[in-house]
Every structure is written in structure tokens, then in C-alpha cells.
Amino acid sequence: MQNTPFTSILCSLAFALCASLATAKPLPYEPAVVTLQGTLLSADGMKPEGEKLKFPAIRLTEPISMPEDEPRDWPAEKNVVLLHMALDEKNMAAFKRLKGKTVEVTGRLFHSDNGNHQTSVLIFPVSISPIK
């Protein structure tokens, strides 16, 4: 096979993809409490009726994966980088104050189970703290 610029680009992309797949950190679903780092943002979503909306989210610094959870019929998820955040009043205030910033979020991961959930995996934060 001749080594053309296109071949080199394809090889580089394949290597990057394999590297990213290998680095997805495996984490458990709730009741375990996990700590993640990422950037808070208002992501684009859609209501079950098709109306557009914004939802609170964290874009993770590193991808994560979750194993299958048979008792609850939650599937395994791989290379998750965006999580919908299920926020109580206290954490909604922290989200608004820290949106756009890099933070550490401690909480419980759970799987989407209805049309209002905007990502396959969500987090219910216990705390949201800025990273200095």
C-alpha cells in the first residue's frame, strides 16, 4: 500500500479513536458516588413534543463508561462525554454561578428512563465546585 497523505491522515484518525476508546474511565451507576471534572454548559435538547430547549450539562474532561446494570435494565454506555445534570435548587444556583467554568462535580450517575432526559447517562450532583 502506498503511503499517501490521505492514508497518513486515516491512520492518525484511527490511532486517535483507539486511544480515546482505551481511556474511557469505567464508573458505576448509583448508588455509588463519583467525582468528575468538566465544563458546565447549557446544551441544546428537545422536549418529547419536539420543542427545543436548553438543559444543564457537564462536558467531561475525559470520557467515561458504565457497565450494564441488569436489575434495573440499564444498558452499558461507552465513551460518554456529555451528561444531563438533574439539579436541585442549591445545585441549580451553583450551576448558574459557574456556567462556562471548569468544575468538579460529585454525585450519582443514572441512566435515562424518560423523554425528558436529554442524554443517555445523567448525574444527580451532591456538590459542584470550581477548579482553581
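Glutamate 30 counts as partly exposed, at 22% relative accessibility (buried is under 20% relative accessible area, exposed over 50%, partly exposed in between, with a 1.4 Å probe and protein chains only). Arginine 108 forms a salt bridge with glutamate 30, the closest N and O atoms being 3.8 Å apart (a salt bridge here is a side-chain nitrogen of Lys or Arg within 4 Å of a carboxyl oxygen of Asp or Glu). That pair links distant parts of the chain, with arginine 108 in strand E5 (residues 102-111), glutamate 30 in the loop between E1 and E2, and 78 residues separating them.

This is a predicted model, where local features need pLDDT of at least 70, side-chain atom pairs count only at pLDDT 80 or more, and totals for chains, interfaces and linings use all residues. Residues are numbered from 1 along each chain as its sequence is written, and side-chain values use heavy atoms, leaving out hydrogens and water.

**Salt bridges**
- The count comes to five salt bridges.
- Arginine 72 also pairs with glutamate 30, with 4.0 Å between the closest N and O atoms.
- Since arginine 72 sits in the loop between E3 and E4 and glutamate 30 in the loop between E1 and E2, the pair ties together parts that are 42 residues apart in sequence.
- Glu30, Asp69, Arg72 and Arg108 are linked in a salt-bridge network.
- Arginine 72 is partly exposed at 32% relative accessible area, and arginine 108 is partly exposed at 26%.
- Elsewhere, lysine 47 and glutamate 51 meet in a salt bridge (3.8 Å, N to O).

**Strands and pairing**
- The chain has two helices and six strands, in the order α-β-β-β-β-α-β-β (helices are DSSP runs of H or I, at least four residues, and strands are runs of E, at least two, numbered from the N terminus).
- E2 (residues 34-46) and E3 pair antiparallel over nine bridges, pairing meaning that DSSP finds at least two bridges between the strands.
- Serine 42 has proline 56 in E3 as its bridge partner.
- The E2-E3 hairpin has five residues between its strands, and glycine 50 there takes a positive phi near 100°.
- E3 (residues 52-66) runs parallel to E1 (residues 25-26), joined by two bridges, and lysine 25 partners isoleucine 64.
- Five bridges join E3 to the antiparallel E4 (residues 77-85), with arginine 59 partnering leucine 82.

**Whole chain**
- Buried residues make up 33% of the 132 residues.
- Among contacts (heavy atoms within 4.5 Å) between residues at least 6 apart in sequence, 63% join residues at least 24 apart.
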